[in-house]
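Trainee: I have the model open and would like to learn how to read its features. Could you walk me through them?

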Amino acid sequence: MQLSRDQLLKAYRQMKVIREFEERLHIDIQTGEIAGFTHLYCGQEAVAVGVCEHLSNDDKIVSTHRGHGHCLAKGCDVDGMMAEIWGSREGLCKGKGGSMHIADVDKGMLGANGIVGAGAPIAVGAGIAAKIDGKGHVAITFSGDGACNQGTTFEAMNMAVVTKAACIFVFENNHYSEHTGFEYAVGTQKDIASRAEAFGMKVWRGDGTDFFSVYETMREVLDYVRVPGNGPAAVEFDTERFFGHFEGDPQRYRGPGELDRIRETRDCIKKFRASVTGAGLLTDADIDAVDADVMAAIENAVAKAKAAARPTPEDVLSDVYISY
Amino acid sequence: MARMMYREAVLSTIAEEMERDENVVVLGEDVVGGNGTAGGPEAIGGIWSTSTGLYGKFGGDRVIDTPISESAIVGAAAGLALSGKRPVAELMFADFIGVSLDQIWNQIGKFRYMFGGKTKCPAVIRMAWGAGFNAAAQHSQAVHQMLTGMPGLKVVMPSTPADVKGLLRTAIRDDDPVIFLEHKALYGVKGEVPDDKDFMIPFGHARLSRAGNDVTIVSTGLLLGFCEAVADKLAAEGIGCDVIDLRTTSPLDEEAILDSVEVTGRLVVVDEAPPRCSLANDICALVAEKAFASLKAPPLGVNPPHTPVPFARELETAYLPSIPKIEAAVRKVLSYR
């Protein structure tokens with residue numbers, strides 16, 4: 001099905017927001033002004049956006065430690081997220097969560113997660129809730145090739161099949177679990193989808209560096225899982241991580257020229273532009289205009305985050321039922 | 001009032017709350033029991049008989065048999081809770097908490113705070129705990145000492161059928177995650193339970209089960225009854241004991257403890273956890289910090305030794321705090337000069 005001009009512009013804008021959000025963090029983190037650990041999503045934008053463009057606020061997602069892209073794609077506020085990562089009181093989680101713990105339940109975003117593999121069981125619960133409600137909503141868990149080795153993921157896949165949860169396991173294979181290669185850490189040295197298949201799920205595969213591949217694949221997956229009684233499904237997207245596991249990672253595990261090569265040939269943003277301009281769906285001017293708008297929005301978000309109120313010592317004790 | 005067993009109070013409260021609120025769902029291993037067998041669903045109905053009949057009454061969407069996957073059980077409870085349901089998950093044995101600890105400790109207990117207070121996680125995680133069944137080291141443990149130290153969790157330890165009723169209802173209606181610890185040696189104990197289907201006991205309010213001015217005994221769970229027996233025996237000698245049933249270890253009713261110690265000046269805390277970093281240690285420290293001037297004797301904890309729970313009858317008996325051990329401790333603080 002052909003996307004409308006507005007849909008194309010929105011999808012591109014979402015990917016570009018994630019890209020520039022992360023590129024800007026990559027720079028600002030080096031100044032030392034941002035505290036803590038940050039894991040950037042650059043390179044994988046087509047997956048988050050290609051999945052979330054199909055979803056409403058009633059569909060739930062559970063994210064990972066590399067969660068900025070999922071949050072933004074699911075509709076979390078750019079300013080609120082930037083302020084959160086800067087540790088502001090005005091951040092989406094009042095500065096209590098930080099990069100790895102951003103959530104916005106009203107938007108169906110049930111949380112990024114600092115524990116690799118912890119999200120899948122939570123998504124199964126949300127998928128059971130969706131099944132009980134019977135309105136065709138779904139719950140999606142994003143996992144990487146790291147989380148696919150956690151026992152929690154295995155438990156969750158089986159539990160989803162057993163309970164016929166309206167749940168989708170989206171595996172983003174970026175070929176690195178932290179600093180260890182997929183070929184080493186995934187014992188089968190095959191894909192991840194075949195594991196899900198072994199648990200009894202219908203599976204799909206797609207190119208995670210191509211928005212249209214993700215988007216069209218997800219349409220099929222969602223058409224399947226939204227049918228009451230069909231139960232869960234899984235999909236694996238082959239993708240690329242443009243930065244290290246965390247900011248500051250020296251990435252000595254990369255091959256010579258690898259980063260240049262994937263930035264040149266596997267960049268979902270470049271591919272999108274080439275695809276839509278080549279097909280005459282959008283012009284370079286259309287895309288340039290989005291780019292300018294996004295750059296201004298990120299600049300604005302950073303300025304607001306820097307100026308935003310800092311938390312106070314008293315804030316430590318709020319938002320918990322009791323403190324001693 | 002109705003007379004019922006502790007286990008019946010669990011089951012009837014869950015059933016009443018499921019009746020009242022369609023968002024209440026039950027999940028766990030064998031909570032239906034018999035699925036996929038010749039016997040069919042409800043061939044068992046929960047190994048503690050705390051979910052018997054729920055499947056027939058409320059159906060498989062709301063009474064969910066799970067595989068033996070404790071992380072996925074608690075994780076699913078988390079996801080259900082974040083999606084507007086009120087899950088009551090059963091872990092069967094508290095000892096299995098180790099398998100699911102990430103979901104309890106890093107997930108459900110932290111959502112509200114980590115996400116800036118905008119998230120509710122109304123999940124109840126029930127589990128049977130405690131020694132007394134010769135179930136040995138991996139099916140007999142106390143876990144409250146560990147869970148009480150985890151911010152964001154409410155930890156409930158009922159000692160009577162009436163408290164099960166009032167506290168479990170509060171737990172199910174609470175918007176925060178609640179760990180509900182049912183002592184397995186109490187499941188068959190009977191007691192009077194209020195009929196009111198809105199009977200609730202607020203968390204953080206201890207119960208004074210015996211009153212006296214000479215010594216304060218703090219406990220909960222199975223050992224509470226042992227403490228009452230000691231108090232009754234000493235009462236015949238003219239020694240008055242305040243026996244405080246904590247009901248919840250977090251939130252903790254500090255006021256009830258401190259008020260009592262300010263009168264008695266003597267404290268014994270009877271706890272089923274091993275001594276180091278235990279509830280007994282915690283409450284003795286609390287009293288030392290906040291009621292030091294009232295103390296007439298050093299506060300004393302009565303705990304099992306720092307060992308795994310042993311199997312053989314003689315060993316388990318020697319392991320657990322007993323009525324004679326509690327009595328000896330009380331007499332020791334009374335005789336301190």
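Mentor: Gladly. Let us start with contact: two residues are in contact if their C-beta atoms, placed from the backbone, lie within 7 Å. Residues are numbered from 1 along each chain as its sequence is written, and chains are lettered from A and ligands numbered from 1 in the order in which they are written. This is a predicted model, where local features need pLDDT of at least 70, side-chain atom pairs count only at pLDDT 80 or more, and totals for chains, interfaces and linings use all residues.

Trainee: How many residues of chain B are in contact with chain A?

Mentor: On the chain B side there are 35, in contact with 36 residues of chain A. Helices (H or I, at least four residues) and strands (E, at least two) are DSSP runs, numbered from the N terminus. The largest share of the chain B side, 9 residues, comes from H3(B). For classes, Ala, Val, Leu, Ile, Met, Phe, Trp, Tyr, Cys and Pro count as nonpolar, Asp, Glu, Lys and Arg as charged, and the others, Gly among them, as polar. That side of chain B divides into 14 nonpolar, 14 polar and 7 charged residues.

Trainee: What does the domain assignment of chain B give?

Mentor: Such bounds come from an automatic or database domain assignment. Here it gives domain 1 (2-193) and domain 2 (207-335) of chain B. Their centres, taken over C-alpha atoms, are separated by 27 Å, and 24 residues of domain 1 are in contact with 22 residues of domain 2.

Trainee: In which order do the 5 strands of the open sheet in chain B run?

Mentor: Two strands pair if DSSP finds at least two bridges between them. The order in chain B is E9-E11-E10-E13-E14, with mixed pairing. Strands E9 (207-210) and E14 (300-302) of chain B are the edges, each pairing on one side only. Inside the sheet, E10 (215-219) and E11 (241-245) of chain B pair in the parallel sense over 5 bridges; B:Ser219 has B:Asp245 as its bridge partner.

Trainee: And how are two packed helices described?

Mentor: By the angle between their axes and the distance between the axes. Axes are lines fitted to C-alpha atoms, for helices over the stretch in contact, and angles run from 0 to 180 degrees between N-to-C directions. In chain A, helices H4 (78-85) and H12 (284-307) pack at about 45°, with axes 8 Å apart. H4(A) is therefore oblique to H12(A); angles under 35 degrees count as roughly parallel, over 145 as roughly antiparallel, 65 to 115 as roughly perpendicular and the rest as oblique.
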